[in-house]
Amino acid sequence: MSARESGAVRSVSKAMELLSCLAGGPLSLGELSRRTGIPKATVHGLLSSMRPFAVVEQSAEDGRYRLGVRLFEYGCAVSRSWNVLEAAAEPMRRVAEETGETVSIAALDRGEVLVLDCADAHSNLRVVSEKGARLPLHCTSQGKLLLACLPEAQRRSLLRECVFTTYTPHGHTNAASLEEELEEIRRRGLAMENGEYRIGLRSVSAPVFDVDGRAAYAVCVVGMFRRMDAPELERAAELLLKAAARISFDMGYRGAEEGRTDHAAN
């Protein structure tokens, strides 16, 4: 990489830092410089370069900068491409109603589980999940499922970087023990969590496949099930597999007869 290319990459990184700061609200040139540690002259140059593209705007009243309308347009474009949320809404709601437990759908993002959407049961006692929440990979059923479905090289790379934080006495503490369970998850097509992230909570996750056949998402039921072999948890797993197949079908996946059968049945 030439010095000029290297400088361009650094400029992009600095520009992203500025956008991240502005996500919290309007800021002055000086405030941006102090928060990022980037010299004022550089900040001004980057903002001046971004303004014609409408990714940042400057207030005529107080001179502060804020995120521009073009980012809103980009966000809408991203939202439109996330048809998985639309496809998942009704199947998730049905599972939540039938199980009385919380159902969520999540994806892998920067070495963590990112919760994309939730369906809460209308019961007095339920586990509440939040959209946008980030969860660890090694001790949640969603994380273990998504890891198990990755290509080997990508999975091993993530496991090398994984910090095996112990949240309860039941969680994995190293990659070797986790790999053994991941093999079982691939065989079974489901992932279970037995109080590994939160004492008293158990969950089950099933894969949602995209049009390219990638297990890009994990749909999960989490609740205070009495034990791993409780009939309620087994029933939740059955419903979840059907919901995941339905969502996968609506995402364009045609790799399994079950998806076609369930779609036709519903």
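Me: Is the crossing in which α2 passes α3 left-handed or right-handed?

Reply: This is a predicted model, in which local features need pLDDT of at least 70, side-chain atom pairs count only at pLDDT 80 or more, and totals for chains, interfaces and linings use all residues. Residues are numbered from 1 along each chain as its sequence is written, and side-chain values use heavy atoms, leaving out hydrogens and water. Helices (DSSP runs of H or I, at least four residues) and strands (runs of E, at least two) are numbered from the N terminus. A crossing is left-handed if the near helix is turned anticlockwise from the far one by less than a right angle, and right-handed if clockwise; the way α2 passes α3 is right-handed.

Me: How are α2 and α3 placed to each other, roughly parallel or roughly perpendicular?

Reply: Axes are lines fitted to C-alpha atoms, for helices over the stretch in contact, and angles run from 0 to 180 degrees between N-to-C directions. Helix α2 (residues 29–36) and α3 pack at about 115°, with axes 9 Å apart. Angles under 35 degrees count as roughly parallel, over 145 as roughly antiparallel, 65 to 115 as roughly perpendicular and the rest as oblique. The two helices, α2 and α3, are therefore roughly perpendicular.

Me: Nice! Which are the edge strands of the sheet?

Reply: Two strands pair if DSSP finds at least two bridges between them. Here 6 strands form an open sheet in the order β5-β4-β3-β8-β7-β6, with antiparallel pairing. The strands that pair on one side only are the edges, β5 (134–135) and β6 (191–194).

Me: Is arginine 110 buried or exposed?

Reply: Most residues other than glycine have a negative phi. Arginine 110 has a positive phi of about 50°, and its place is the loop between β3 and β4. Its relative accessibility is 70%, so arginine 110 counts as exposed.

Me: And alanine 54, buried or exposed?

Reply: Alanine 54 also has a positive phi, near 65°. Its loop runs between α3 (40–50) and β1 (56–58). With a relative accessible area of 19%, alanine 54 is buried.

Me: How far apart in space are leucine 178 and lysine 144, C-alpha to C-alpha?

Reply: Leucine 178 sits in helix α8 (residues 175–188) and, at 0% relative accessibility, counts as buried. Contact means heavy atoms within 4.5 Å. Beyond its neighbours within four places in sequence, leucine 178 is in contact with residues including Lys144, Leu147 and Phe164. Leucine 178 and lysine 144 are 34 residues apart in sequence, and their C-alpha to C-alpha separation is 8.3 Å.

Definitions and conventions
Buried < 20%, exposed > 50% of the residue type's maximum accessible area, 1.4 Å probe, protein only.
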